[in-house]
Amino acid sequence: MSKYSRTKLLPKGLQIIQGVVRGRIFEITSASYSESKTNENDVMNQGSIINPIGHIPIFAKDDKSLADQGILGIELSFTQESTGLNRDINLQSIQIEGRQNGTNVSYPIAFSLAEEPERLTLSDPSFEFRIMVYVQVGDTDNVTININPDGLESRREHQQDIDEIINALSVGYVPIALKDSKGNQLLGHDGKQLFANKPIVDFDPTLSVRGKVPDSKQVGDNFRVLEDEVLDIERDLRETFETKKKVKDVNNLALANADANKDQDNEIAVLQNRASELEANTQTIHLLGHDWNGISDHANDSFKATSQFIVNDATLTRANAYANAKATGDAIKQNYQQLSQAIGIIYAWLDNLGNQQVIVDIKNRLSALEDQKKETK
């Protein structure tokens, strides 16, 4: 970051300012600059900055903020156009020039040296460096500043650009002139130019393009859909927990019936084992040989295997088959990754889908046992 020393009066400037204090009129006319590095003593001894390379018009003034202290602000704008240069330089010193009223000769009156010079990249036509130089003039009412009218226009245009930017940020879009395929401006029936509003921020309603801002409404819609899904899952889980409670109640009823009918303990035990197998969707099968006799090992232990009551289909493509829980879960994950924790609960729920059939089978068997008991009496 550039830094410049406080402005100091040159010998001729001090003489002129003394005249201002005595009531003489004084005009600040222009400024000059140099890329030669120097020091304060050399400038004072020479009466001007070293090797000035050009003059620059005054861009604007500040005759309000420090006027009560007899100080005027002079704003300079360094551009390729104002300097007439198209090469880069280090701005080492700045000099303010002026003249007494009634004379045509301007003299150096004040200067400022760079402590950390600004690099002016004047090879870039769009580059601009502005600096405000404050000069002690005594009575500000007796001092006028010759301001370049082009500078005032540039300042108004600059402020207009700022106002347009602020307005665009507040409404969220900028007006874009409509043109035809040949680049000609399109006009309305009233002869005025036609414009379209272009959003400043390019929103992504698909929520799929990296680096774009997500569309607020689409995000809200997605969250509302997820909220409905969560409510559905909560309702299904409550129903599942109620089903488990009913299974426990039926199992307790079976145990109570076994206590009252001790002669039917074996049948009830078989029924309970069968119910457990149904709940686990597995059954034990004794392996038979070609003669339909059981196959045993050398210790006479029969060979057994397990099978599913209902076919567990991992492909999710077979009709009338029991959907594989993992395959179902993976399919759900692809569409609802954000519900991974809730989906984990669904796995447990899916594993217990067979509980409804368990209740029916147990009730049927209990009814059969009660009918058999009545026949034996």
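Accessible areas here come from the Shrake-Rupley method with a 1.4 Å probe, and for residues only the protein chains shown count as cover. With that in hand, I looked up the surface: the protein exposes about 24900 Å², and carbon and sulfur atoms supply 50% of it.

I noted that this is a predicted model, in which local features need pLDDT of at least 70 and side-chain atom pairs count only at pLDDT 80 or more, while totals for chains, interfaces and linings use all residues. Residues are numbered from 1 along each chain as its sequence is written, and side-chain values use heavy atoms, leaving out hydrogens and water.

Next came confidence (pLDDT, the predictor's own score for each residue, from 0 to 100). I found a mean of 75 for the protein, with 62% of its residues at 70 or more.

I then checked burial (under 20% relative accessible area, 1.4 Å probe, protein chains only): 29% of the 377 residues count as buried.

For the elements, I read off nine helices and 18 strands; these are DSSP runs, H or I of at least four residues for helices and E of at least two for strands, numbered from the N terminus.

I saw four bridges between β5 and β6 (residues 71–79), and the partner of Lys-61 in β6 is Ile-74.

Definitions and conventions: Two strands pair if DSSP finds at least two bridges between them. Buried means under 20% relative accessible area, exposed over 50%, partly exposed in between (1.4 Å probe, protein chains only).
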